[in-house]
Amino acid sequence: MKILVCISNVPDTTTKIAFTSDNKEFNKQGVQFIINPYDEWYALVRALELREAQGGSVTVIHAGAADSEATIRKALAIGADDAVRIDAEPGDAYFVAEQVAAYAKDKAYDLVLVGKETISYNGSLVGGMLAEMLGWPFVSLATKLDVANNTATVEQDIDGGTQVVECPLPLVISAQKGMAEARIPNMRGIMAARTKPLAVVPVSNASKLTSAESYQPAEGRKACKMIDAANMQQLVELLHSEAKVI
Amino acid sequence: MATDNFQAPDYYLLDELLTDEQKLVRDTVRAWVKKEVSPIIEDYAQRAEFPKQLIKGLGEVGAFGPYIPQEYGGPGLDQVSYGLIMQELERGDSGIRSTASVQSSLVMYPIYAFGTEEQKRKYLPKLATGELMGCFGLTEPDHGSNPNGMLSNFKDKGDHVVLNGAKMWISNSPFADIAVVWAKDEQGVIRGMIVERGMAGFTTPETHGKWSLRASATGELVFDNVKVPKENLFPDIKGLKGPLSCLNSARYGISWGAIGAAMDCYDSALRYSKERIQFGRPIGGFQLTQKKLAEMITEITKAQMLTWRLGILKNENRATPAQISMAKRNNVHMALTIAREARQIHGGMGITGEYPIMRHMMNLESVITYEGTHDIHLLITGYDVTGISAFE
């Protein structure tokens with residue numbers, strides 16, 4: 001089975017998020033980047049498990065500049081066979097989906113896996129757009145995936161429960177918690193990653209459909225105001241006039 | 001123990017001096033320690049038991065013989081990566097780092113450096129995975145800082161030698177499958193050999209009642225007329241140079257490991273100082289606490305720079321034993337001082353197993369003594385700068 005896994009590059013979860021002075025761009029200064037956890041822990045690891053059980057290959061694909069190669073090498077260290085970097089700053093979801101579709105369309109993949117969303121922009125869009133561009137089915141928010149007889153059996157979250165879907169290959173699946181258990185690479189994998197192929201491909205014709213105009217950080221959590229238990233009147237007043245919830 | 005919220009301090013942005021691969025190595029071991037070591041280590045230390053189940057994981061993650069070339073089953077990493085692995089393991093616990101240090105620098109290194117091709121092929125790949133565990137016998141009950149006075153000896157009996165003697169304070173000895181043992185031949189020349197568990201007359205009694213390295217197994221090696229086949233001897237290495245070159249490699253790793261313990265203490269103390277309220281404000285706002293924290297991060301930063309440079313020298317085969325002594329001595333003392341100061345910042349909580357402080361502090365009391373004591377390393381530096389030996 002030939003599997004393609006889309007990985008994106010996101011700030012480490014402990015990063016203090018800051019923007020440039022005009023609030024138009026995320027300030028990357030001193031930020032550690034990691035593979036988007038949904039892409040790494042669930043999509044990539046499940047792809048590797050399927051390859052280990054059934055044979056085939058796992059390719060990771062990423063749209064980003066050369067400085068993102070450290071994250072790509074980590075995916076190779078965890079076990080992907082080879083990698084592709086589309087040499088471009090990822091614009092918006094449409095841009096990324098179109099790049100991946102252009103690369104994947106004539107490569108005969110059986111399965112494309114993406115994480116359910118990035119933990120940076122939380123767009124959740126690339127998987128669906130990519131499926132449409134490839135003309136393949138798309139199953140989102142998958143928690144379990146098995147493949148047999150050219151058919152994928154997928155469990156996905158739905159409101160209040162789960163649904164089991166069957167779908168012939170090829171298809172695009174977005175993965176989330178439950179799909180697999182995160183793998184820690186090892187030193188042999190890290191050394192092997194040195195020599196695994198990492199192809200850099202140029203951008204194909206594509207344009208962004210959207211552009212970010214400005215960013216506003218979320219307001220920090222406010223201090224807790226303690227009211228004397230005997231003073232119910234003051235509590236009610238504050239809930240009404242300050243918190244404006246009653 | 002509470003959740004492992006460790007965040008590594010990097011005050012001088014030293015990450016920028018590391019390659020992407022070195023950072024990946026470090027982050028990998030850090031993730032492994034958070035997943036496998038932190039949740040269980042306090043319990044094992046309290047019960048004075050070595051968590052044997054970690055051996056397989058240590059082998060898989062690549063902590064055994066990181067710089068041993070791939071043709072002998074190692075990953076073939078550079079010396080900075082080896083140091084970073086030791087740092088992260090000791091951030092978890094000095095005992096776990098000791099197990100990996102011994103396996104890597106005191107067992108795999110001598111077999112790789114001094115062993116025959118057959119010995120390398122027979123032992124190294126299995127030592128790299130942890131399928132075989134090793135220990136190192138140099139120190140004796142009456143010969144610690146002065147190993148040259150050792151009494152262990154062997155006699156040539158044709159196709160084998162007969163080994164007699166006893167070794168003490170041997171990490172991993174209670175469960176080791178093989179021991180790299182240093183003993184004198186009939187001419188009084190120190191030679192090394194590989195002794196295997198199961199050889200008649202070879203026993204490994206465990207040392208009990210330690211207040212330090214409680215999650216690591218320590219014991220003796222006792223040789224009572226043990227017949228060791230001649231093919232188990234290292235063919236060419238003679239004299240103290242053999243064991244001392246192993247110690248050089250181990251001490252180098254310890255100089256990184258100590259930073260791990262120090263970083264864990266500092267990180268915990270920093271977090272605690274912001275959470276603990278006294279006199280209506282976090283104790284981190286008081287000058288005496290800030291003095292402690294500021295001195296800690298200063299010393300950690302200096303130690304990080306020292307080991308990074310030492311790692312580069314070691315990669316270039318230019319690190320001298322005296323330079324390694326300086327780093328081992330400085331960094332272990334630095335870590336022990338920080339552990340004690342961090343204990344004060346944690347107040348009473350610092351003595352409990354809720355925090356890693358007291359465990360690190362007690363562990364470091366061993367680390368400051370083993371692999372060359374604090375004082376002996378000072379004399380090595382003294383000898384190096386004056387050219388006059390203070391030992392004899």
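1. Start with the interface. Chain B and chain A bury about 1500 Å² between them, with carbon and sulfur atoms giving 62% of that area. On the chain B side, Glu21(B), Leu24(B) and Thr28(B) supply 31% of the area buried against chain A, more than any other three residues. Note that this is a predicted model.

2. Next, the contact count. Chain B places 22 residues in contact with chain A, and chain A answers with 15 residues.

3. Which side chains meet in a salt bridge? Glu21(B) pairs with Arg194(A), at 2.7 Å from N to O. The count between the two chains is one salt bridge. Glu21(B) is also one of the three residues named above for buried area.

4. Polar contacts come next. Six residue pairs are in polar contact across the interface of chain B and chain A, with both residues at pLDDT 80 or more. Two elements of chain B give two or more residues to the side that touches chain A: helix 1 (20–46) and helix 2 (54–61). Helix 1 of chain B gives the most, with nine residues. By class, this side of chain B has 10 nonpolar, seven polar and five charged residues.

5. Now chain A by itself. Its secondary structure comes to six helices and 11 strands. The C-alpha atoms of chain A fill a box of roughly 70 × 45 × 40 Å along the principal axes.

6. Last, packing and surface of chain A. Of its 246 residues, 41% are buried. Among contacts in chain A with a separation of 6 or more, 70% join residues 24 or more positions apart. The accessible surface of chain A is about 13300 Å², and carbon and sulfur atoms account for 51% of it.

How values were computed: Residues numbered from 1 in each chain as written. Chains lettered and ligands numbered in written order. Heavy atoms only, no water. Contact = heavy atoms within 4.5 Å. Buried area = accessible area lost by both parts, 1.4 Å probe. Salt bridge = Lys/Arg side-chain N within 4 Å of Asp/Glu carboxyl O. Polar contact = N/O pair within 3.5 Å; in protein donor to acceptor, adjacent residues only side chain to side chain. Helix = DSSP H or I, 4+ residues; strand = E, 2+ residues; numbered from the N terminus. Nonpolar A, V, L, I, M, F, W, Y, C, P; charged D, E, K, R; others polar. Buried < 20%, exposed > 50% of the residue type's maximum accessible area, 1.4 Å probe, protein only. Areas by Shrake-Rupley, 256 points an atom, 1.4 Å probe, with all protein chains shown as cover.
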